[in-house]
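Please give me a guided tour of this structure, telling me what to select at each stop and what is found there.

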Amino acid sequence: MAAGLIAGLLAGGFAFFVGEPVLDRAIALEAAASGVHGHAGAPGHQHEAPVFDRPAQKLGLFLVMGLFGVTVGGIFGVLFAYFRGRLASDSDWVRSLCLTSCMFTGAFLIPFVKYPANPPGVRGAAAIGERTVAYYSMVALSLLAVLTAWMAARMLRERGVKTPVRHLSVGLGLALASAALFVLLPAAPDPGGFPAGLLWDFRLASLGTQLVFWAGLGVVFGLLCGRANSGVSV
Amino acid sequence: MGNDPLAQRPLSSGLSLGSWLPLAVLVVMLFVLLSASGALLSPVLGQAAGAADYLHEIAHDGRHLLAVPCH
């Protein structure tokens, strides 16, 4: 048991220090390519006082993506060490992919559908403070919904409920919880007269960035776990 | 791996303090990275919040692409 836990922690640390920089470069390239596309044509995009010009901001994008990757990677490592012994799948590869999918859904996908990403030209009606609070409430509650769904699935499995019934009831529960969040939280800011095509492109780019990030994290972490496990006899 | 004894660990044994601490630090880091800006923090930090604007500007592209609310 201890060996398994240590292997999980080692793999977490290894992914954090070795895997992330590699991962981040790939993501940053992807993000830069799509991000420039989304920003370049944005009409009416002007800063009140541009502290950094565009090239510096693009460099900043790499920096932020890198820091974001390291931070989320660290959080993921700790969570993985916790969930490793509690997920039903039989390999770290599958567990890693499962956990990243769950976190992608809870931390990004559900909030994204409610509060989609807006390019810099769009100004919401509500103040930034309110929007930030609403967004993070959505993230926290979505993560909670996903976690609850997983715990419910686990409980039903222990009670020997048939697999189709279990999947359907948990899926339905998650859908209902998401619907409740959609109705209860404040409405998303109106993008105003922003060109719909460009807005769509930007949101697609945002979705792609997050998808690449989480998929990359799951794959790299899973592979590193495989490597760490082959070195440490469990 | 199939008969990993860890697979039966109960939910009740939670994270240790050693895990909670870095987790909390990392979450705060994430918030600073993604959302800190002078306008948002000035009620809390006063004048010192202006420094966050530099971080805000440099992080701007990333924030938008990661779908975090931003001005």
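Select chain A: of its contacts with a separation of 6 or more, 87% are between residues 24 or more positions apart, where a contact is a pair of residues whose C-beta atoms, placed from the backbone, lie within 7 Å. The model is predicted: local features need pLDDT of at least 70, side-chain atom pairs count only at pLDDT 80 or more, and totals for chains, interfaces and linings use all residues. Residues are numbered from 1 along each chain as its sequence is written, while chains are lettered from A and ligands numbered from 1 in the order in which they are written.

Colour chain A by secondary structure. Of the 234 residues of chain A, 35% are buried, that is, with 20 or more other C-beta atoms within 10 Å of their own, C-beta atoms being placed from the backbone.

Move to chain B, which has four helices and zero strands. Here 28% of the 71 residues are buried.

Next, select Phe76(A) and Phe221(A). Among the 39 residues of the largest nonpolar core, these two touch the most other members. Such a core is a set of buried Ala, Val, Leu, Ile, Met, Phe, Trp, Tyr and Cys residues joined through C-beta atoms within 7 Å. H2(A) gives the most, 11 residues.

Finally, select Val146(A), Ala149(A), Val170(A) and Leu174(A), which are among the five residues of a second, separate core.

Methods
Buried ≥ 20, exposed ≤ 12 C-beta atoms within 10 Å, placed from the backbone. Helix = DSSP H or I, 4+ residues; strand = E, 2+ residues; numbered from the N terminus. Contact = placed C-beta atoms within 7 Å.
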